[in-house]
Amino acid sequence: MFSDFQLGLQVALSWDGLLMCALGVTLGTFIGVLPGVGVLATIAMLLPVTFGMEPAIGLIMLAGVFYGAAYGGSTASILLNLPGTANTAVTCLDGFPLNQQGRGSMALFVTAIASFIGSMSGAIILAVLSHPLAELARGFGSQEYFALLLLGIVAASSFSTVGLVRAIAMTFLGILIGLIGVDINTGTERFTFGSQFLYDGMPLVALAIGLFGIPEVIKNLADKSTPENIQPHLSYRAMLPSFAEWKRALPAMGRGAGVGSVLGVLPGAGSLIASFVSYAIERNISKTPEAFGKGAIEGISSPEAANNAAIQTAFVPTLTLGVPGDSTMAIVLAALLVHGINPGPEFASQHPDIFWGLIVSFLIGNFLLLIINIPLIGIWVRLLSIPYTVLFPSIVVFSCVGVYSVRYEIIDVLFIGGFAALGYALRLFRLEAAPLLLGFVLGPMLEEHFRRTLLLSRGDLGAFVEQPISIALYLASAGMVLWVARNALKKRYR
Amino acid sequence: MDQGFQIKRPDLVLGLALIGIGAGAAALSASYDIGHLNDVGAGFFPLIVSACLMFCGLLIGLFSFTSEQTTLVLPKNGVRALFAILCAIFAFAMTIEPLGLVPAIILTVVVSAFGSHEVVGKHILLVAIVLPILCYLTFILGLDMRVPAFQLGR
């Protein structure tokens, strides 16, 4: 294990490793700060760039964007009352009031520290937890994997803000799109309409950019409000919290990191839920719950630690089980699959350079982010005044060039247009694209395990509920559905 | 409020659309080999998924009668933005091979800029100059993308 860690050090401390880590976290902070440029869209746009790199280096950069954005996201939340990324939305509640009270720079400082503490604990838990979890999963057969994938899908849909049925419907649609192409078992062309371009399936990059990047642009252009921008005065003295504030903030960061680490590992929960849950916990245990929403320091410390911790621990199920908990992790998984790497229980032992390289890069990246976000905060604050009329044509161009660069097919560029229209329609009909993407990536895996289970049991459907672990996983899925249904009924009949 | 195109009972429309998509996918799946339980064919799994999609559509459609009526409004600005950006993507697709990267980018920038309700000439000019250089450096020099920067016909 120590030699694996050393290998990780070598990868992460290599020239490429350091450069791409720095590039990833800087880019992440950049798009995190800018409201209206999402993490998922950015990662999708960067995917083609990483295809040419070593898998470890590419993953280090993609991950850097992901956690870098969570640092930067709080900047827009605090200064504009507009979340830079979805998982920093809670930070608006107390961050913006703090800014109105003239304590914006202190809030920025505290959220950077909270993000750092959360991220670091998440990275350590990833390192510690992956080995026992992989051991546990080593005995998994197709039955267990099928149940696990199903639980991931149900869980992700249960936490959806648009409702369980709508989210599940999108997952099914995603699975169907994921099945487009030649069936590897029988050689049958499915849903290709005779087009040779669909022979290898729908291209992931065009789908992700079309569904997330472009509809976001359209939505921002459709609602034309310009938020109020209160620039904080940024002196180092104004940044530092008082001793009494430290005493309230630090334990909150610790609790947030704990909540986030746990929720990040669970399939479907993720960093957004983690930030909301930790905020609710802080308000409930506080002696002064009335201070929340008016600039309580716990209200920014805990959620920021939680969302960053969850981002790191979300890698646990993705890398050790090969089952991503949310759509962003689905893209990470897809990126690995493109390189011919199948994440699973054997991942850490077969590819120690990638696994440990990634973990070491988390440690380095978080130190870099601390530097980027505290002394250099002035630069990012100024970024908020970039007009959208400059930004959005750039997003459109990067989307087109990126997708075209993957395999030089004009039709892939046209697919962006098709998915953009679909993505915008989904938004209008109050649907989410995230479960669709999750279904798209998980669909083929789900079918493979479904078939293999039946093949091994010679057509006996009982095989699905033979193993105690699968039964437990199905019960967990059923429990979630019932819980959501109960809440929905309670809401309706009150 | 800007009045755009409206859809009454969007959830009913959505439910019906999902049932339609599910039915189409089910019909296609049925045309592939279904096989049986001990030898699952290519159509088996997609058929199940299509059925599930139709069921979800049915639920959404039914719920639309029990909950409050809403109206979906398609905002004018949104339609404008969608149209301009689709045109920009199409323009890129049509020009990248015959003309090369730089002209394709400039055209995409100019066309997409009309998606905003405020078209600022200064900003378009800025982006149209900076972005081709940036993309040239990243994609052609940095990532070795095999596309000419300029080209006249093929």
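User: Under what relative accessible area does a residue count as buried?

Analyst: The model discussed here is predicted. Exposed means over 50% relative accessible area, and partly exposed lies in between. Buried means under 20%.

User: Are Arg190(A) and Asp183(A) buried or exposed?

Analyst: Arg190(A) forms a salt bridge with Asp183(A), with 3.7 Å between the closest N and O atoms. By the cut-off of under 20% relative accessible area, both Arg190(A) and Asp183(A) are buried.

User: How many residues apart in sequence are the parts that Arg451(A) and Asp183(A) tie together?

Analyst: The closest N and O atoms of the salt bridge between Arg451(A) and Asp183(A) are 3.0 Å apart. Arg451(A) lies in helix 21 (residues 434–456) of chain A, and Asp183(A) in the loop between strand 1 (181–182) and strand 2 (189–190) of chain A, so the pair ties together parts separated in sequence by 268 residues.

User: Which residues do salt bridges with shared partners join into one network with Asp183(A)?

Analyst: Asp183(A) forms a salt bridge with Arg190(A), and Arg451(A) also forms one with Asp183(A). Arg451(A) and Asp183(A) are both buried. Besides Asp183(A), the network holds Arg190(A), Glu447(A) and Arg451(A).

User: Are Arg138(A) and Glu135(A) buried or partly exposed?

Analyst: The side chains of Arg138(A) and Glu135(A) meet in a salt bridge at 3.0 Å, N to O. The relative accessibility of Arg138(A) is 38%, and that of Glu135(A) is 41%.

User: How many salt bridges does a search of the whole structure find?

Analyst: Side chains of opposite charge can pair when their charged atoms come close. Between chain B and chain A the count is one salt bridge. Over all chains, the search finds 12.

User: Which side chains meet in a salt bridge at 3.1 Å, N to O?

Analyst: The contact between the chains takes 62 residues from chain A and 71 residues from chain B. One salt bridge is counted between chain B and chain A. The side chains that meet at 3.1 Å, N to O, are those of Arg166(A) and Asp11(B).

User: Which helix of chain B gives the most to the side of chain B that touches chain A?

Analyst: Seven residue pairs are in polar contact between chain B and chain A. Among the elements of chain B that each supply at least two residues to the touching side are helix 1 (10–31), strand 4 (71–74) and helix 3 (76–99). With 14 residues, the one that gives the most is helix 3.

User: Which three residues supply 12% of the area that chain B buries against chain A?

Analyst: About 5600 Å² is buried between chain B and chain A, and carbon and sulfur atoms give 82% of that area. The three residues, which supply more than any other three, are Leu37(B), Phe45(B) and Ile89(B).

User: At what distance does a polar contact join the side chains of Thr389(A) and His123(B)?

Analyst: Thr389(A) is found in helix 19 (residues 388–407) of chain A. At 11% relative accessibility, Thr389(A) is buried. Leaving aside neighbours within four places in sequence, its contacts are Ser116(B), Glu118(B), Val120(B) and His123(B). The polar contact between the side chains of Thr389(A) and His123(B) is at 2.6 Å.

User: Which backbone oxygen does the side chain of Ser29(B) reach?

Analyst: Ser29(B), in helix 1 of chain B, is buried, with a relative accessible area of 0%. Beyond its neighbours within four places in sequence, Ser29(B) is in contact with residues including Phe191(A), Ile34(B) and Ser50(B). At 2.6 Å, the side chain of Ser29(B) reaches the backbone oxygen of Ala25(B).

User: What is the phi of Arg9(B) near?

Analyst: Arg9(B) sits in the loop between strand 1 (5–8) and helix 1 of chain B. The relative accessible area of Arg9(B) is 25%, so Arg9(B) is partly exposed. Its phi is positive in a residue other than glycine, near 50°.

User: What distance separates the centres of domain 1 and domain 2 of chain B?

Analyst: Chain B is divided into domain 1 (5–74) and domain 2 (76–142). Taken over C-alpha atoms, the centres of the two domains are separated by 37 Å.

Technical notes
Residues are numbered from 1 along each chain as its sequence is written. Chains are lettered from A and ligands numbered from 1 in the order in which they are written. This is a predicted model: local features need pLDDT of at least 70, side-chain atom pairs count only at pLDDT 80 or more; totals for chains, interfaces and linings use all residues. Side-chain values use heavy atoms; hydrogens and water are left out. Contact means heavy atoms within 4.5 Å. Buried area is the accessible area (1.4 Å probe) that two parts lose on being put together, summed over both. A salt bridge is a side-chain nitrogen of Lys or Arg within 4 Å of a carboxyl oxygen of Asp or Glu. A polar contact is a pair of N or O atoms within 3.5 Å; within protein, one must be able to donate a hydrogen and the other to accept it, and residues adjacent in sequence count only if both atoms are side-chain atoms. Helices (H or I, at least four residues) and strands (E, at least two) are DSSP runs, numbered from the N terminus. Buried means under 20% relative accessible area, exposed over 50%, partly exposed in between (1.4 Å probe, protein chains only). Domain bounds come from an automatic or database domain assignment.
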